[in-house]
Amino acid sequence: MDYLKAQIQCTPSMGEMLMAELAQIGFESFIETDEGIEAYIQAPFYESEALREVINRYGAETPLSFSIETMPRVNWNEEWEKNYDPILVDDKIYVRASFHPKKEDVTHEITINPKMSFGTGHHATTYLMLKLLLGLPMTGKRVLDAGSGTGILAIMAHRLGASKVEAFDIDDWCVENGNENFDINGLDDIRMGLGNIREVDPKGTFDVILANINKNVLLDEMGEYAQRLKPDGYLFLSGFYQSDIPDLLAHAAAFGLTQKETQTKNDWSALILGF
């Protein structure tokens, strides 16, 4: 499969916003550069008008320039090895790839080989979700990870003592990659499902639901989360900007959900909701 590379010149903060937006129109992998970002997409899924719409929308806020080119077939694992650095969350969670050395002085270590999936902990939304998970007792909890991506949040929940973890994603590549990451981290009994929450239709109720997706999907699926959340459970949401919080809280209130905690990083936010 041939890939296209979009090179976008922008500020670091704008780059984070663009990565989230481009992920919604089919771009699968991102590399931050000194000039901005590089974004990669399978050639059959590329729509020039969709890319231009994103560039024009954000170009109204700050000058942007971009170019796009066809990429030769490459060893993507090698490319990730060149550009993917480990991260540390609150000196307690160390996220690394299999080719990085282990770190002995941390409480939790997660190995993620992201390939083309989104969710390594580098993006502010994933970082915030990991940080929030540290503050909630997880022992014996039943957890649902909606839009799991690389599986990093499901793995973290398992590390923190969750007794049962279910995960799913709409992208078959993410499902394949997520299951590989589950195996790498010793979660052989967890398999990622394919589809959205309505299609997968998880049974029963959950102590914790994790949804790091985007504002529009969160608004659309809020009722599904509320229906599957235990009365004393917690709903973790991220994938949106700080300015989106009022809309999300107003919509959540219609299902009896209220704000319990908020974290923000680089204009991105995460919420914990409950009944």
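The largest pocket of this structure, which is a predicted model, has a volume of about 1200 Å³. Its lining is made up of 46 residues, and among these Ala23, Gln24, Ile170, Ile213 and Asn214 are the ones that lie nearest the centre of the pocket. When the lining of the largest pocket is sorted by class, 20 residues are nonpolar, 15 are polar and 11 are charged. Helix H8, which covers residues 215–228, supplies the largest share of this lining, with 5 residues.

Helix H1, which runs over residues 12–23, was examined for its length and its burial. At 1.5 Å a residue, its 12 residues should span 16 Å, and the C-alpha atoms at its ends are 17 Å apart, which agrees with that expectation. The helix is mostly covered, since 9 of the 12 residues of H1 are buried; these are Met14, Gly15, Glu16, Met17, Leu18, Met19, Ala20, Glu21 and Leu22. Of these, Leu22, found in helix H1, has a relative accessible area of 0% and is therefore classed as buried, the cut-off being under 20%. The C-alpha atom of Leu22 is separated by 7.8 Å from that of Ala39, a residue 17 places away along the chain.

Two cysteines can be described in the same terms of accessibility. Cys10, at 12% relative accessibility, counts as buried, and Cys174, at 9% relative accessibility, counts as buried as well. With a disulfide taken as a pair of cysteine sulfur atoms within 2.5 Å, the count for the structure comes to 0 disulfides.

Charged side chains were then considered, and a search of the whole structure finds 16 salt bridges. One of these joins Arg198 to Glu224, with the closest N and O atoms 3.2 Å apart. Because Arg198 lies in helix H7 (residues 197–200) and Glu224 in helix H8, this pair ties together parts that are 26 residues apart in sequence. The two partners fall into separate accessibility classes: Arg198 is partly exposed, with a relative accessible area of 41%, whereas Glu224, at 17% relative accessibility, counts as buried.

A further salt bridge is formed between the side chains of Asp207 and Lys230, where the N to O distance is 3.4 Å. Asp207 belongs to strand E11 (residues 206–212) and Lys230 to strand E12 (residues 229–241), so that the pair ties together parts 23 residues apart in sequence. Asp207 counts as buried at 12% relative accessibility, while Lys230 is partly exposed, with a relative accessible area of 25%.

Since Lys215 lies in helix H8 and Asp244 in the loop between E12 and helix H9 (245–253), the pair ties together parts that are 29 residues apart in sequence. Asp244, at 12% relative accessibility, counts as buried. Finally, salt bridges that share partners join Arg198, Asp201, Lys203, Asp220, Glu224 and Arg228 into one network.

Methods. Residues numbered from 1 in each chain as written. Predicted model: local features only at pLDDT ≥ 70, side-chain atom pairs only at ≥ 80, totals over all residues. Heavy atoms only, no water. 1 Å grid on protein atoms, 1.4 Å probe; cavity = no way out; pocket = protein on both sides within 12 Å on 5 of 7 lines; lining within 4 Å. Points joined across faces, edges and corners; volume = space filled by probe spheres on them. Helix = DSSP H or I, 4+ residues; strand = E, 2+ residues; numbered from the N terminus. Nonpolar A, V, L, I, M, F, W, Y, C, P; charged D, E, K, R; others polar. Buried < 20%, exposed > 50% of the residue type's maximum accessible area, 1.4 Å probe, protein only. Expected span 1.5 Å × (residues − 1). Salt bridge = Lys/Arg side-chain N within 4 Å of Asp/Glu carboxyl O.
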